[in-house]
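Subject: Structure handover

Hello,

Here is the structure for your files. My notes on what was found in it follow below.

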Amino acid sequence: MYVFCLIRKKYYLLTKEELVRQKIIYYLIKNRGYNVQEIYVEFNSTFYNIKNRIDILVLKNKRPFIMVECKSPEVNISSSKSFDQIMKYYLRFKSQYLVLTNGIKNIIFEFKNNGIEFLKKIPKNKITY
């Protein structure tokens, strides 16, 4: 079975992780108000000669705003391995928000001047004109 990705504009094998990825993309667009043009999926990056691929990257004003790491539902996202992976991306891109999800549980946090704040929901897109 395959699923069409609104961002990448093609069909992908519907793995458990891909289903989680597509649900988050849909949620970002339909429930949080982000534009398709602001969202990048499986964004490739090289940092210190190490290749990385961020599951979902949302840009605001051409800067990283939200990074999402998607895992299969059976993966424990509270593990240090999952946290270490997304923190590695944060150190490179310095996005304001990080999201770890396995489609069942979400860990959402915001980096502020005085530390980290955990959130219940991904922030809505604040449209500025």
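The side chains of Arg21 and Glu17 meet in a salt bridge, at 2.8 Å from N to O. A salt bridge here is a side-chain nitrogen of Lys or Arg within 4 Å of a carboxyl oxygen of Asp or Glu.

Before going further, the basis of these notes: this is a predicted model, in which local features need pLDDT of at least 70, side-chain atom pairs count only at pLDDT 80 or more, and totals for chains, interfaces and linings use all residues. Residues are numbered from 1 along each chain as its sequence is written, and side-chain values use heavy atoms, with hydrogens and water left out.

Arg21 and Glu17 both lie in helix H1, four residues apart, about one turn of the helix. An α-helix has 3.6 residues a turn, so residues three or four places apart point the same way. Helices (H or I, at least four residues) and strands (E, at least two) are DSSP runs, numbered from the N terminus.

Arg21 is buried, with a relative accessible area of 3%, whereas Glu17 is partly exposed at 25%. For these words, buried means under 20% relative accessible area, exposed means over 50%, and partly exposed is in between (1.4 Å probe, protein chains only).

Arg21 also forms a salt bridge with Glu42, where the closest N and O atoms are 3.6 Å apart. Arg21 lies in helix H1 and Glu42 in strand S3 (residues 39-47), so this pair ties together parts that are 21 residues apart in sequence. Glu42 is partly exposed, with a relative accessible area of 21%. Salt bridges that share partners join Arg8, Glu17, Glu18, Arg21, Glu42, Arg53 and Asp55 into one network.

A search of the whole structure finds 11 salt bridges. Another of interest is the pair Glu74 and Lys16, with the closest N and O atoms 3.5 Å apart. Glu74 lies in the loop between S5 and H2 and Lys16 in helix H1, so the pair ties together parts that are 58 residues apart in sequence. Both Glu74 and Lys16 are exposed.

As for the helix itself, H1 covers residues 16-30, 15 residues in total. From first C-alpha to last, H1 reaches 21 Å, close to the 21 Å expected at 1.5 Å a residue; the expected span is 1.5 Å times one less than the number of residues. The buried residues of H1 are Glu18, Val20, Arg21, Gln22, Ile24, Ile25, Leu28 and Ile29.

Ser72 sits in the loop between strand S5 (63-70) and helix H2 (80-93). At 14% relative accessibility, Ser72 counts as buried. Leaving aside neighbours within four places in sequence, Ser72 is in contact (heavy atoms within 4.5 Å) with Lys16, Glu17 and Asn102.

Ile66 is in strand S5 and is buried, with a relative accessible area of 0%. With neighbours within four places in sequence again left out, the contacts of Ile66 are Tyr34, Ile56, Leu57, Val58, Ser95, Tyr97, Val99 and Ile122. Ile66 and Phe83 are 17 residues apart in sequence and 15 Å apart in space, C-alpha to C-alpha.

Strand S7 (residues 106-112) is mostly covered, with five of its seven residues buried. Strand S6 (residues 97-101) runs antiparallel to S7, and five bridges join them; two strands pair if DSSP finds at least two bridges between them. Leu98 has Phe109 in S7 as its bridge partner. S6 and S7 form a hairpin with four residues between them, and Gly103 in the turn has a positive phi of about 85°.

S7 also pairs with strand S8 (residues 115-119), in the antiparallel sense and over five bridges. Here Glu110 stands opposite Glu117 in S8. This hairpin of S7 and S8 has two residues between the strands.

**Nonpolar surface patch**

Tyr2, Phe4, Leu6, Tyr11 and Leu13 make a nonpolar surface patch of about 570 Å². Patches are made of residues with over 30% relative accessible area and no salt bridge; like charges are joined within 9 Å, and nonpolar side chains (Val, Leu, Ile, Met, Phe, Trp, Tyr) within 5 Å. Accessible areas come from the Shrake-Rupley method with a 1.4 Å probe, and for residues only the protein chains shown count as cover. Strand S1 (2-5) and strand S2 (10-13) each supply at least two residues of the patch. Leu13 is found in S2.

Regards
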